Structures are given as structure tokens and as C-alpha cells.
Amino acid sequence: MTNTDSSHATILILEDDPDIAKLICGSLAEYGFRCEHVGTGRALLDRARRAAPELCIVDLGLPDMDGMQVVRELQEGSPCAVLILTGRNDVTDRVLGLELGADDYIVKPFEPRELVARVRSILRRYQRATPVETTTTERSLARFSDWQFDKGRHALLSPDQREINLSAAEAGLLLTLLERPNRILSREQLLGERDIDPFDRSIDVRISRLRRKLEDDPHDPKLIKTVYGAGYLFSAQVSWE
Ligand code: CA
């Protein structure tokens, strides 16, 4: 079961423990992923600025800065997929990491095969959400309730023409909603192919971030409605051009 597309992806690994770094790189290299390792947050941010990687695997406890700050700065620059791999098993960290735009969160000690499976799943979702160069025949601009979303550029434009920054995960989620408006979508459908833990709340975290960016009141959402026990529904007329 090889995925040639994602196997050629460049993965940056930020880990200050050389033994763990070796284990991560070794596990991924075995499945054909190209990995580069850095030991400090600054080095990762510098490296990511030079050429955007497909995915960064980020440790939180680092010698020079907190890993959460690294995730935040990565999302402010050119957003790439982020997997947090940390010894911190705290729900606050987990929620904060996902709120900052991380795509997944794994707690050490980790099972190398599980790491590979999660990496593949993130890259698949990311590649699906990142369309190749849009052609003139492809309809790539969605309009809904005075908002616009350009799926080629991941650009969300507010009714007063402000460009809103979306992480790769949020853009992928918005695209899924826009492609199937006015239909109930389960958490599984919104997450895509990933094998999910039914108690995984990360989709709810992502929905709440997206609501905030769409200025959708979480207590009385007009656009992304919660359908209790079933999932979510995007309630708007969507036109594509
Ligand atoms: Ca560490």
C-alpha cells in the first residue's frame, strides 16, 4: 500500500533529542519519505522559510523556544501541514495545538507504524485540499453569503473585502463544506479518509476556528450549523465560478 505522491513529500522534523529524531527519520525513510532534521525552533523556521516543506513534525519541549510558538509562526508564514509529536499529554496542549492550526497531535512514546499512518493521512488530506494550478475551465471561486473563497489560493475574502488567513486544515474543511452545502456531513466525512477515534474532538475544534473566521456566532451559527448527534451542515447558497 504505497502512496507515491506523498512518499516524495519533504518532511521537516523538529526534535531536540537525537535518538528520537533518528527513530522518527528512520521510520519515515523506510516508507520512502524524504526527511530533514533540525534541533531548534529557530532552525526549523529558517529552513521552512527557504523552501516550504509539505509537513513539519514538531516537538513542544525545545531548548530555544516553545513548540507552540513554532506552530504559530509556521502558520503565519506560508502554512504547511503540522503534526505535533510530544511528551506533553495534556488536553489543554492538545486543544491549543489544534487551535493554532496543527493537523494532528501524537503523544510519545509513539508506535512508528501509527506515526507513518497519520503522516500519510495528513498528506492525503492536504494534497486533496491543495488543488494544482487552476485551469480556466475549472470553477475555483465559491461565493456564499457575500463571502468568497478561492480554492486555488486558499484565500477567503470577507464581505468587506478583507483577506482572512486560513490554515491548510481549515481551508480543506471549508472546501468540503462548500462542495456539499445544505447537507448533513458527519465528522468522518469532514475528516476525510482518516481512521478516526469517535472521541476525537479535533473536527469540533476546527469547526469552531472556522466559525470564528467566518464571524459565525457559535451560540447561534448561521453558516455552519451543528446537527446534534449527526455532524454539521453548511447552510448557504453556494455558487461556483
Ligand atoms: Ca524535546
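**Helices, calcium and loops**

Author: Begin with two helices that touch: Ala-169, Glu-170, Leu-173, Leu-174 and Leu-177 in H7 meet Ile-203, Arg-206, Ile-207, Arg-209, Leu-210 and Lys-213 in H9. Contact means heavy atoms within 4.5 Å, and helices (H or I, at least four residues) and strands (E, at least two) are DSSP runs, numbered from the N terminus. This is a predicted model, in which local features need pLDDT of at least 70 and side-chain atom pairs count only at pLDDT 80 or more, while totals for chains, interfaces and linings use all residues. Residues are numbered from 1 along each chain as its sequence is written, and side-chain values use heavy atoms, with hydrogens and water left out.

Reader: How is the packing of two helices described?

Author: By the angle between their axes and the distance between the axes. Axes are lines fitted to C-alpha atoms, for helices over the stretch in contact, and angles run from 0 to 180 degrees between N-to-C directions. The axes of H7 and H9 cross at roughly 85° and come within 10 Å. That makes H7 roughly perpendicular to H9; angles under 35 degrees count as roughly parallel, over 145 as roughly antiparallel, 65 to 115 as roughly perpendicular and the rest as oblique.

Reader: At what angle do helix H5 and helix H9 pack?

Author: Helix H5 (residues 91-99) and helix H9 (residues 202-213) pack at about 45°, with axes 9 Å apart. H5 and H9 are therefore oblique to each other. The H5 side of the contact consists of Val-95, Leu-98 and Glu-99, and the H9 side of Ser-202, Val-205, Arg-206, Ser-208, Arg-209 and Arg-212. By class, three residues of this contact are nonpolar, two polar and four charged.

Reader: Which residues are the protein donors of the calcium ion?

Author: Donors are N, O and S atoms within 2.8 Å of the metal (3.2 Å for Na, K and Ca); water is not among the atoms, so sites may look incomplete. Here the protein donors are Asp-16 (OD), Asp-59 (OD) and Gly-61 (O), at 2.2 to 2.4 Å from the calcium ion. Their spacing in sequence is D-x42-D-x1-G.

Reader: Is Asp-59 buried or exposed?

Author: Asp-59 counts as buried, because its relative accessibility is 5%. Buried means under 20% relative accessible area, exposed over 50%, partly exposed in between (1.4 Å probe, protein chains only). Gly-61, at 39%, is partly exposed. Of the 241 residues of the chain, 49% count as buried.

Reader: Which residues does a cis peptide bond join?

Author: Lys-108 and Pro-109 are joined by a cis peptide bond, with omega about -5°. Pro-109 is in the loop between strand E5 (104-107) and helix H6 (112-129).

Notes
Nonpolar A, V, L, I, M, F, W, Y, C, P; charged D, E, K, R; others polar.
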